[in-house]
Amino acid sequence: QYGGPGSSPLPGKLAPGATAEHPFAARNSIRNVEEEFNKLRPRLALHYPFELDTFQKEAVLHLEAGRSVFVAAHTSAGKTVVAEYAFALATQHCTRAVYTSPIKTISNQKFRDFSSKFEVGLLTGDVQVRPTAPCLIMTTEILRSMLYKGADIIRDVEVVVFDEVHYVNDVDRGVVWEEVIIMLPPHITLVLLSATVPNVLDFADWVGRTKRKVIHVTGTTKRPVPLEHSLYYGGEIYSICSREVFNPEGLRRAQAAYTARNAPPERGGGGGGGGAGG
């Protein structure tokens, strides 16, 4: 139905899972994820000590086929598993992989996390550790600088992972992500990770149109770490939502504390002064 893994749709054809509105963004493009993943299981580039979720399996299948993916999932849902598999594939293929993040602290954390599994280098504005390693972790600005300079290393890169890709919407730094996505050579597979992009298909379709390749969208709405909503006032914390259940009593207590603190002072009593004697 379309021009092969990771390629753009043929004229008049749509990739499986794509629509006329978003021809370069495909969702649910693998009919039976579990069956296809079980076929691949003996040949996986990286084995995990736990069973992967369906969206992770789908992303792995796309990466194995050389397709670019957009993984939209809440924090702690397991997006990093997909990034790890991209590193494992590059290691298996004797190519290079790049993991970009918006801030140095995330880069440092991922360097520590990935070093136990892969030969990893770290490139930030402050630090260079094993810059010739096959798997590199860097800030997005460093990757842009490499692309500007035409660094030889780019020719060997098979996959680039964009963590927190929603930074493309940042007023000051979003242009960095735009330029990197535009300048990356067409042979590079893209792995886009985000927990907060609301219009996933719109964004994936824009990336796909820019790179002339279909972006396969997967993810989950499950939130492994439930949100807790509280109000802080007057040195006290009032819980108003716990495990997605509204707590009206907490809100009433917060309102009562606010009312008590901001109530107008009572006026003093006392009788009026007597009139002058006749």
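A salt bridge is counted here when a side-chain nitrogen of Lys or Arg lies within 4 Å of a carboxyl oxygen of Asp or Glu. The model on screen is predicted, so local features need pLDDT of at least 70 and side-chain atom pairs count only at pLDDT 80 or more, while totals for chains, interfaces and linings use all residues. Residues are numbered from 1 along each chain as its sequence is written, and side-chain values use heavy atoms, with hydrogens and water left out.

**First stop: arginine 96 and aspartate 156**

Select arginine 96 and aspartate 156, which form a salt bridge whose closest N and O atoms are 4.0 Å apart. This pair links distant parts of the chain, with arginine 96 in strand β3 and aspartate 156 in the loop between α5 and β7, 60 residues apart. Helices (H or I, at least four residues) and strands (E, at least two) are DSSP runs, numbered from the N terminus. Arginine 96 counts as buried at 17% relative accessibility, whereas aspartate 156 counts as partly exposed at 42%; buried means under 20% relative accessible area, exposed over 50%, and partly exposed in between, with a 1.4 Å probe and protein chains only.

Step back to threonine 95, in the loop between α3 and β3, which is partly exposed with a relative accessible area of 23%. Leaving aside its neighbours within four places in sequence, threonine 95 is in contact (heavy atoms within 4.5 Å) with Ala90, Pro134, Asp156 and Glu158. If you draw a C-alpha to C-alpha distance from threonine 95 to proline 134, the value is 6.7 Å, although the two are 39 residues apart in sequence.

Now select cysteine 94, which is placed in the loop between α3 (79-92) and β3 (96-101) and counts as exposed at 71% relative accessibility. Its backbone deserves a look, as cysteine 94 has a positive phi of about 60° although it is not a glycine. Most residues other than glycine have a negative phi. Arginine 212 also has a positive phi, of about 55°, and is not a glycine; look for arginine 212 in the loop between α7 (200-211) and β9 (215-220).

**Helix α4**

Select residues 104-114, helix α4, and colour its buried residues, Ile106, Ser107, Lys110, Phe111 and Phe114. They cover an arc of only 140° around the axis, which puts them on the same side of α4; the arc is that of the directions from the helix axis to the C-beta atoms. Thr105 and Arg112 are exposed on the other side of α4.

**Helices α5 and α6**

Move to helix α6 (residues 174-183), where the buried residues are Gly174, Val176, Trp177, Val180 and Ile181. They span an arc of only 160° around the axis, which puts them on the same side of α6. The packing partners of these buried residues of α6 are α5, β7 (157-162) and α7.

Within helix α5, pick threonine 140, which is buried with a relative accessible area of 0%. Not counting residues up to four places away in sequence, threonine 140 touches Thr100, Ser101, Pro102, Val176, Trp177 and Val180.

The next selection is arginine 144 with glutamate 179, a salt bridge whose closest N and O atoms are 3.2 Å apart. Arginine 144 lies in helix α5 and glutamate 179 in helix α6, so the pair ties together parts that are 35 residues apart in sequence. Glutamate 179 counts as partly exposed at 24% relative accessibility.

Glutamate 36 forms a salt bridge with lysine 39, with the closest N and O atoms 3.6 Å apart. Glutamate 36 counts as partly exposed at 34% relative accessibility, and lysine 39 is partly exposed as well, with a relative accessible area of 46%. The structure holds 13 salt bridges.

Over residues 60-215 the chain is 40% helix and 23% strand, and the end C-alpha atoms are 14 Å apart.
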